[in-house]
Amino acid sequence: MKYWVLSFLFLFPQRELHAQTQVQPAQYPSPMKEHIRKHERVQQDTTRGRTIKLENLLSSPVAMYIPEQFKKNAAVDLLIHFHGSAGIVAYAAELYKGNIITVTVNLGSGSGVYSRAFPSGQEFKLMEEALWEEIAKQTGNHKQGKLILTGFSAGYGAIRSILSTERGFEKTNTVILLDGLHSGYIPDRKVLAEGGVIDSVLLEPFLQFALKALEKDSDKKFLFTHSEIFPGTFVSTTECAEYLTRKLNLKAEPILEWGPLGMQQISRVKKGKVEIMGFAGNSAPDHVDHFHGLYYFLNRSLKLR
């Protein structure tokens, strides 16, 4: 990676921390309700495997889940998920086509609380090392596999801070964003249709990670799903997807395909180990669909080559 990229990522947390100390404007609630798509929900069952509550890693306890199918003699992938029910993450772990242990982190509402949890590379370093130590303690397995970061909705804030540090960027193998990636408009609240522009600084860590994933021999994978929800007061996931697509010099393909749990996919950007998937829907259930589809998107990321 070029020196200027590393320098940018190293300096980024100061810019990010400043941005997140500002009050994030609430989005305009979607007035739309629809009853056409199924909005199926996965079964949240953590009894098949084993859950360990870890109290002292962050400001709130985190839940480690060891699935029933865990193999002690194979390398284990570690998935750290930000924002959402541990039961849904456990469901994804049980259906993972590989060997995995998951950790679910919930810190509160809004991306700022997640961003502020990792103001420098040290916080994530200590957490990651503690998680691998706990895995070895609980399973006797010392074979470290891939590090996967997933975020639903506001959870992207933590991933952004982590990727903004040199160590976090280098250690992370896969990033999956589930209808969660936003930024601000410049000027504030002036949408693109009225002449505003996207605050691209806040998207730079994800752009750099996706660019790295496009390199031929890279170990990175980047998968981003988005709905059609338009918050109005800050940049939507669709606008972020279009921004990344342009900067990656890729092109979105319009499609009509069924996705998981009755979701309807309407666009796709795919090249090598990068995939951006657009889905229909502008309601709250459409947003939640993406999280319940974690099991599907996690296994889909394995196919990115």
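Trainee: Which residue stands opposite Leu178 in E6?

Mentor: That's Phe152. Before we go on, this is a predicted model, where local features need pLDDT of at least 70, side-chain atom pairs count only at pLDDT 80 or more, and totals for chains, interfaces and linings use all residues. Residues are numbered from 1 along each chain as its sequence is written, and side-chain values use heavy atoms, leaving out hydrogens and water.

Trainee: How many bridges join E5 and E6?

Mentor: Strands (E) are DSSP runs of at least two residues, numbered from the N terminus, and two of them pair if DSSP finds at least two bridges between them. Here strand E5 (residues 144-152) pairs with E6 over five bridges, in the parallel sense. E6 also pairs with strand E9 (residues 221-226), again parallel and over five bridges. In E9, Phe224 is the bridge partner of Leu177.

Trainee: Is strand E6 buried or exposed?

Mentor: Buried means under 20% relative accessible area, exposed over 50%, and partly exposed in between (1.4 Å probe, protein chains only). Five of the five residues of E6 (residues 174-178) are buried, so the strand is largely enclosed by the rest of the structure. Both faces are covered: Thr174, Ile176 and Leu178 on one side, Val175 and Leu177 on the other.

Trainee: What about Thr102: which residues is it in contact with?

Mentor: Contact means heavy atoms within 4.5 Å. Leaving aside neighbours within four places in sequence, Thr102 touches Ala63, Met64, Tyr65, Leu79, Val89 and Ala93. Thr102 lies in strand E4 (residues 100-105) and, at 2% relative accessibility, counts as buried.

Note on methods
Helices (H or I, at least four residues) and strands (E, at least two) are DSSP runs, numbered from the N terminus.
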